[in-house]
Structures are given as C-alpha cells and as structure tokens.
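Me: I've got this model open and I'd like a close look at one part of the surface, the nonpolar patch. Could you walk me through it, and then through whatever else is worth a look?

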Amino acid sequence: MSSIGPRFAKLLQLDNPIGSLTAAFWLWKALLFIVVAACPGPGYDTSTSLVLDAGHDGSLPMSLKFARWDSIYFLHTSEQGYVFEQEWAFSWPRLLSFFVSGRDDLISLGDTCLVIRWSGGEDGTVTTVVVGVAVSHFAHYLSVLALYGLSGNIFGDETVTQRLICFLSATLHIITPAGAFLSAPYGESTFSFLNFSGFYFYSSSLIAERKRIPALRDFNVLVASVFFAIATLVRSNGILSGFLFAYDAVLLAWETLTQGPSVHTLRRLGVVVLGGCIVALGMIVPQISAYHIYCTGMEARPWCSWTVPSIYTFVQGFYWNVGFLRYWTISNLPLFLLAAPVLAILCKSSLWALKAPVTLSSASGGLSQSSLSPGSMLFRLAIPQLLLAIMALTSYHVQIINRISSGYPLWYWFLVSGAMVNLQDPRKRHRSLAVAAQAMVVYALIQGVLFGSFLPPA
C-alpha cells in the first residue's frame, strides 16, 4: 500500500495513536453521558423506579438514567441472584457481581447460581448502577485498544496507511451504533473487549506459527480460548468465535489424513481441540448449574426432558418469544428497517472477506504473499459474523444487531479499507466511510435520548 501523505498523519496524530484514541473516546463518552443524563423524569416506563426502589417522588438519581430495559434485569440479578427463571437469559451479572461492594456470600455451582448475593436497597442499587456504568466505560475503552492491536496484527502498522486503517477502525468502534448500550450497565462493552482480545491472541498464534515458535503459538491459542469462553458467559453469541477452533481442527485433521501424522501437526491439533473445549465451557457450565437447580427436584421444568437441555433456549423462547421467524410480524417491520443498514454491512463485509481475504502481516510488516489463501484470518472471521447476521435476521429480536455487532471487527475493517482504496485514487469520490461515521454519530445521539427516556428501540 502506498502512503497517503503526511498531512493525514498530522491531522490524526498517528505518531501518538493511543493518546488520540483516548482523547476521542472520553470526549465521545462525555457527550453521550450528558445526553442520557439530561433526559427529564423517570421516562416513558417507570420500571426503573419501581423495580430498583428509586425515590418516592418518582425522581431518579442521575446514575439511574442508565438503568433501562435489560439492564434492570442485570442489576437485579447482580444484587439478588437468579430469583426468576427468565433471568437466566442474561449472563453478564455473573461478572458484574464481582465488582460490587457489600458482598454477602459466593453461591457455589451446586447451590443455586453463579452469582454473589448482597444486600440491596436504594443506596445499594445506586452503587450497583455506578459500578456497572464504570465497568462498561472501562471495558469499552479497553476494547478500543484491543481492536487497535488486533488491526495491527492483521494489516501491519509500519506505513502511514496501515496505521490509519488501525486508527480509523478503532475510532469507528468508539462511535459504534451500540451507542448508550456501551455506557449503560449492559454486557456489550465487556463482550467486545473479551471477543476482540480473543481474536487478538488467536491472530498472534498464527503469527507465532508463521515464525515457527510453537510454544508461543500454543500459549496464544489457549489464552484466546479463555477469552472466548468468558465472552460466551457474557453473551451466548460468543460461542460463534469457537468456529476458529473448529475450522483449524478440520484443516489439521485433513492434513493428518492426507499427509500422514507428524509431531507438529498432532501437537497443534491437540491444543486446538483443547482450546475449543475451553470455549464450549462458557456455554456448558451455566447449563449444568441451571440443570441442578431446576431438574433434580420434584417439579422439573419442561426443558429438563429435552434431548439437549438448555435453560437459555427455553427462557428465550418461552419468555421473550425468540425463535426461528417468530419476530417476522407486520408490527415489527419498523425494527427490521432500523436494523437493515447494519445487517447489510455485516453481510457485505463477510462476503468481502470470503471472496478476497487479506492475511496477517508478515514479520517484515508487509502483507503475506498468500493473500488469497482461504486460511487467512479474515476468512476465519467472516463466518462467525455472517452467522450472527443470519441469526439476527431469522431468530433474534432483530433490532439488537445494532448493538451486538459492536463486538465484531470485520465490518469496521471493511468500511475503512474501502475508504483507503478510494483515497489513493483521485478519480473516485466515494464517501462511504464518512457517511457511515456521520450516520453512526446521529443514530447514537438519537438513541441516547430514547434510551434515557426509556423509549424503544432497545
């Protein structure tokens, strides 16, 4: 790639990208915070004041403006544990509860659930919200840095163009359509950090493999699997990242069958399989806990007799009406229209990566000569993102794609890479990146007002 000129580096301070990203991040977060906090009254829905015992006059402390929609479940579960069956649809409180002060006891796997229970009350609720907001802000900041590092693994960071791709990708993640959901006590920012970190270590394992450092490669694979497992605990769609391990296992198994076994191949296959099993634990462990609670007593729940018992699948379908084509109703058409731009970008960027993937940066900083190899990192990342888009379109509450897409890096790179090509060709006047960035800013600000007023979409 050719350089696009020093004026861009000066404009974006690419000699100090972390400092520039940090300044941009906190300025944007401050603006969003003001937008949400300035919304008057308890909002259209009074669930926050009723469930979380806010002031008797209906007023809300400023921090409780962030306790909207699903975050009410998150906060209640962080304080009280899983009191209601439908709360098992949410996993993030397991992690949030570890950050809350005033803890009483740690509930073990065999008792009731994997949370810490502590005394609530109005002051306690406010404390929980403050902690949740702080965790979300910090996790979002870390995910920006993780995406910057991951982008460096993929595209390199030696030239101005490469650094610009890394910088702009991370910047897009700051203003992602997830908006206020990355500031409120939600799991999206934590998931983004964990998923990006998993991708970073996984891509680092491929770099170590290219450099023939097997010990470092194996270490990075296992660290990546731990991040993906925790990400799956936060959001169940984290299990999609396990495709990376399944893909490698199939390639290595095929190599063993066609070329014969070798110590190198068998060792790598063993580590990949172990990593995949670790990722699966993020889904399996909560199910075991729930099965012990609901299926070993006198009145077993309906899902206990399923061939593959899953409380998550049951509560999503029974309480939230999540299922194949269940959301396809005329009344939900506006939500499909709202989700359409993000769904289109997710699908288009996935096809872009599948057709012409770019490999990891070589040791010298350039792009690998095997840039069209189907074993590239972008090819691997395309499948989980495409599966997410298809599942959101067919089986989820479709509007949530605008926030859960924040934890997937491929579409950021797609927008930025397209802009880089056009910047280098003066005959083209394509402004897709600028239009996308402006749309995300406008959407996030409007969303912040709706969120703070407890108005849909959620």
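Reply: The patch is made up of Phe 324, Leu 325, Trp 328 and Leu 393, which together have about 420 Å² of accessible area. That area comes from the Shrake-Rupley method with a 1.4 Å probe, and for residues only the protein chains shown count as cover. Nonpolar side chains (Val, Leu, Ile, Met, Phe, Trp, Tyr) are then joined within 5 Å, and like charges within 9 Å.

Bear in mind that this is a predicted model: local features need pLDDT of at least 70, side-chain atom pairs count only at pLDDT 80 or more, and totals for chains, interfaces and linings use all residues. Residues are numbered from 1 along each chain as its sequence is written, and side-chain values use heavy atoms, with hydrogens and water left out.

Helices here are DSSP runs of H or I with at least four residues, strands are runs of E with at least two, and both are numbered from the N terminus. Phe 324 counts as exposed because its relative accessibility is 61%, while Leu 325 has 35% and so is partly exposed. The cut-offs are under 20% for buried, over 50% for exposed and partly exposed in between, with a 1.4 Å probe and protein chains only.

The backbone of this loop deserves a look as well. Most residues other than glycine have a negative phi. Leu 325, though, has a positive phi near 65°. Asn 321 has a positive phi too, of about 55°. Asn 321 lies in the loop between α12 (311-318) and α13 (333-355), and with 41% relative accessibility it counts as partly exposed.

Now for the cysteines. The model has 1 disulfide, taken as a pair of cysteine sulfur atoms within 2.5 Å. It links Cys 295 and Cys 304, whose sulfur atoms are 1.9 Å apart, and the link is left-handed, with -80° about the S-S bond. Cys 295 is buried because its relative accessibility is 13%, and Cys 304 is buried at 11%. Cys 277 is partly exposed at 46%, as is Cys 347 at 28%.

For the inside, nonpolar side chains tend to be buried together in soluble globular proteins. A nonpolar core here is a set of buried Ala, Val, Leu, Ile, Met, Phe, Trp, Tyr and Cys residues joined through side-chain atoms within 4.5 Å. The largest has 78 residues, and Leu 172, Phe 199, Ile 401 and Trp 413 touch the most other members. Helix α16 (residues 410-423) gives the most to this core, with 9 residues. Apart from it lies another core of 25 residues, including Val 36, Val 133, Tyr 186 and Val 315.

Leaving out residues up to four places away in sequence, Leu 172 touches Tyr 412, Leu 415, Val 416, Leu 433, Ala 437 and Met 440, where contact means heavy atoms within 4.5 Å.

One last stop is Leu 252 in helix α10 (residues 243-259), which is buried at 5% relative accessibility. Its contacts, again not counting residues up to four places away, are Thr 265, Arg 268, Leu 269 and Val 272. Leu 252 and Arg 268 are 16 residues apart in sequence and 7.9 Å apart in space, C-alpha to C-alpha.

Notes. Patches are made of residues with over 30% relative accessible area and no salt bridge: like charges are joined within 9 Å, nonpolar side chains (Val, Leu, Ile, Met, Phe, Trp, Tyr) within 5 Å. A salt bridge is a side-chain nitrogen of Lys or Arg within 4 Å of a carboxyl oxygen of Asp or Glu.
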